Amino acid sequence: FLQLEPPARMAAPQLVESEVTSLLVSYTPPGNLGSCMAGGVIEYEMRYSRTPAAMHEDSRMEQRLLSGPADAAATELLQPYAPPGPHRGSVVADDLRRVWKMRWKAPPIPAPTAKSQPHSPPPVLVPGLLTGRTYFFQVRPVSDFGAAPWSDLSEAFETKPSPPKKPPPVTAVAAEADSCYFAKLRFVLPDPCGRKVTGCRIRYMGPNWKNRPQTSEWKEYAQSELDMIEAEDCEVVRLTAEEAVAVQGTRTAWHYMAMGLQAGAAYRFVVRCYNDVGPSEWSDPSEDIVTLPTTPNQCEPPFLADEADADSSWLRVSWREPHDNGADITHYTLLWTTNPRWQGVKQIDDIPGTSHVLENLAPNLKHYFKVFAWNALGAGRESELDPRSACGKGGVISTRARVPGPP
């Protein structure tokens, strides 16, 4: 009697076409003798993985199940067939240990004729693959009498690369001691989609302060469109697996020092990553990244706000509130003298507003003023004095002449 056995081993699969997230793979059925004498092929099985080692491990688990009693450990480790087919859609992790399997019914074989060519079944579409990655394939036929050995391992089939995925939002690294005028930003690199991320560009919105008009315009951070932030410009940091999953990025982050910012201001950033194929989408905007506040700006020189603010024995001196640099102004200090050489200076502290009245002054006399503001960080620079300014400006204000009384 002729003993019926599983079909003959097939040749390795071949690549027909590569797309960004799929591969079209062809296979050659076993010869007539190997298939018909085995009772006819009823279906085919294909498995694929990112590494040959994962395929070898899957074969080892199959052998453990075939060569001995029920092995719970092997059953658990053996990669199952994922109904209704391969993984589809985006794959969360690039798992080098995973083996995917698919199974389909054997297509009918047309009746041979004198001029017919050898039967070539349609190729198999394998969707849902990662972009720009290599995969290895094996195939085998199955009959009523069992499955043939897996074919030889295919060559590495690569999906087409594409621009990087959309990056996660920019975040700030913990504030540094002197970060009034810069911010250390973290870019978590997205899936590079088969080609290394070569650089990034950033845009920013700001500066914005709570007590000033807000800006909503996005501006290029670099001075030129040709400027690119590269790994050499950054501190490259390795994230933990948990951190990477939390932000849906890779385990690589770039820490970049964004210079030239303004103190106590809120900024928002977006980032775009580049590889050899092209740019990613812009990331979603970051949360507000706020630089540390500092002392107030220098005040402008005091002035006479109105003609009615001067008399022969008193003056109401006014000044404008300077920019507070992110910390509310608490009070002012006013300095004054009647000496143009700035001698014999008198000081008035803890003035709550932007004006102050001086009384018991001499008539028809120039007075010279400087002022500076305070916030929680300390005192700003005192205003400049211009003795050549017209009275009422530049810190120079005169009392009125005394009107003589009736004779």
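**Labels and the values behind them**

Author: The protein chain has four helices and 23 strands. The model is predicted.

Reader: What share of the 407 residues is buried?

Author: Buried residues make up 42% of them. The protein chain exposes about 22700 Å², and carbon and sulfur atoms supply 53% of that area.

Reader: Which share of the contacts with a separation of 6 or more joins residues 24 or more positions apart?

Author: The share is 71% in the protein chain.

Reader: Why does Cys200 count as buried?

Author: Buried means under 20% relative accessible area. Cys200 has 0% relative accessibility, so it counts as buried. Cys273 has 1%, so it counts as buried too.

Reader: Why do strand E1 and strand E5 count as edges?

Author: The sheet is open, with three strands in the order E1-E2-E5 and antiparallel pairing. Strand E1 (14–18) and strand E5 (124–126) each have a single partner strand, so one side of each is left without a neighbour in the sheet. Neighbouring strands in this sheet are turned by 30 degrees against each other on average, direction ignored.

Reader: What makes E1 and strand E2 a pair?

Author: Two strands pair if DSSP finds at least two bridges between them. E1 and strand E2 (residues 23–26) have four bridges, in the antiparallel sense. They therefore count as a pair. Within E2, Val25 stands opposite Leu15.

Reader: Which residues touch the most other members of the largest nonpolar core?

Author: Leu185, Phe187, Ile202, Tyr256 and Phe269, out of 23 residues in that core. Strands E10 (183–188), E11 (199–208), E14 (252–258) and E15 (266–274) are the elements that give two or more residues to this core. E15 gives the largest share, four residues.

Reader: What is Tyr256 in contact with, leaving aside neighbours within four places in sequence?

Author: Its contacts include Leu185, Phe187 and Ile202. Ala183, Lys184, Tyr221, Ile229, Asp233 and Cys234 are also among them.

Reader: Which residues does the second core include?

Author: Tyr27, Val41, Met102 and Trp104 are among its 19 residues, and this core is separate. In soluble globular proteins, nonpolar side chains tend to be buried together.

Technical notes: Residues are numbered from 1 along each chain as its sequence is written. This is a predicted model: local features need pLDDT of at least 70, side-chain atom pairs count only at pLDDT 80 or more; totals for chains, interfaces and linings use all residues. Side-chain values use heavy atoms; hydrogens and water are left out. Buried means under 20% relative accessible area, exposed over 50%, partly exposed in between (1.4 Å probe, protein chains only). Contact means heavy atoms within 4.5 Å. Accessible areas come from the Shrake-Rupley method with a 1.4 Å probe; for residues, only the protein chains shown count as cover. Axes are lines fitted to C-alpha atoms, for helices over the stretch in contact, and angles run from 0 to 180 degrees between N-to-C directions. A nonpolar core is a set of buried Ala, Val, Leu, Ile, Met, Phe, Trp, Tyr and Cys residues joined through side-chain atoms within 4.5 Å.
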